[in-house]
Amino acid sequence: MGSRIVLESKYLAETKKYEFDFASQLAVGETISTQVCTATVYSGTDASPSSIISGSATASGSVVTQAITAGTLGVIYEITCTIVTSASQTLVLTGFLSIVPTLP
């Protein structure tokens, strides 16, 4: 079972980068080999939630970064970041992301 993190809300018009830090789950010297982030709807309606994922996730040290764009106003997305490590572990961090109106 993965861990949950808190993601700051995103304005509808923003494309924003979110970080998933696996430092507490990696052994000394263990590195991230592959990383992928996916999006599903936790609450609300969006026929294509995966469209909020912008580009591929990148890893630097113990941190995976994923850009998130657009979305549907009022929807809460579940963003899941999955990594495979140099020690063949598969680790998961999940966060909930809400889309809020853009300020005028």
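Which residues of β3 make up its covered face, and which its uncovered one? Select β3 and look: Lys-16, Tyr-18 and Phe-20 are on the covered face, while Thr-15, Lys-17, Glu-19 and Asp-21 are on the uncovered one. In a regular strand, side chains alternate between the two faces of the sheet.

Before moving on, some housekeeping. This is a predicted model, so local features need pLDDT of at least 70 and side-chain atom pairs count only at pLDDT 80 or more, whereas totals for chains, interfaces and linings use all residues. Residues are numbered from 1 along each chain as its sequence is written, and side-chain values use heavy atoms, with hydrogens and water left out.

Strands here (E, at least two residues) are DSSP runs numbered from the N terminus, as are helices (H or I, at least four). Two strands pair if DSSP finds at least two bridges between them.

Now zoom in on the pairings. β3 and β6 are antiparallel over 7 bridges, and β5 is joined to β6 (residues 63-69) by 5 bridges, also antiparallel.

**Into the core**

Next, go for the nonpolar core, a set of buried Ala, Val, Leu, Ile, Met, Phe, Trp, Tyr and Cys residues joined through side-chain atoms within 4.5 Å. Buried means under 20% relative accessible area, exposed over 50%, and partly exposed in between (1.4 Å probe, protein chains only). The largest such core has 22 residues, and Phe-20, Phe-22, Val-64, Ile-79 and Ile-83 have the most contacts inside it. At least two residues of this core come from each of β3, β4 (32-43), β5, β6, β7 and β8 (90-100).

Center on Phe-22 and show its surroundings. Contact means heavy atoms within 4.5 Å. Leaving aside neighbours within four places in sequence, the contacts of Phe-22 include Ile-32, Val-64, Cys-81, Ile-83 and Leu-91.

How far is the sulfur of Cys-37 from the nearest cysteine sulfur? A disulfide is a pair of cysteine sulfur atoms within 2.5 Å, and by that rule the count is 0. For Cys-37 the nearest cysteine sulfur belongs to Cys-81, 3.5 Å away, and Cys-37 is in no disulfide. Cys-37 is buried at 6% relative accessibility, and Cys-81 is buried at 0%.

Step to Thr-80, in strand β7 (residues 76-85). Thr-80 counts as buried at 18% relative accessibility. Not counting residues up to four places away in sequence, Thr-80 touches Val-36, Cys-37, Thr-38, Val-92, Leu-93 and Thr-94.

**Salt bridges**

Charged pairs come next. A salt bridge is a side-chain nitrogen of Lys or Arg within 4 Å of a carboxyl oxygen of Asp or Glu, and there are 2. Show Glu-78 and Arg-4, whose side chains meet at 3.5 Å, N to O. This pair links distant parts of the chain: Glu-78 in β7 and Arg-4 in β1 (residues 3-6) are 74 residues apart. Glu-78 is buried at 19% relative accessibility, whereas Arg-4 is exposed at 55%.

Then select Glu-8 and Lys-16, with their closest N and O atoms 2.6 Å apart. Glu-8 is exposed at 56%, but Lys-16 counts as buried at 18%.

**Loops to finish**

Most residues other than glycine have a negative phi, and most peptide bonds are trans. Click on Ala-70, in the loop between β6 and β7: its phi is positive, about 50 degrees, and Ala-70 is partly exposed at 35%. Ser-88, in the loop between β7 and β8, also has a positive phi, about 65 degrees; Ser-88 is exposed at 64% relative accessibility.

Last stop: Ser-48, in the loop between β4 and β5, partly exposed at 36%. Draw a line from Ser-48 to Thr-85: they are 37 residues apart in sequence and 29 Å apart in space, C-alpha to C-alpha.
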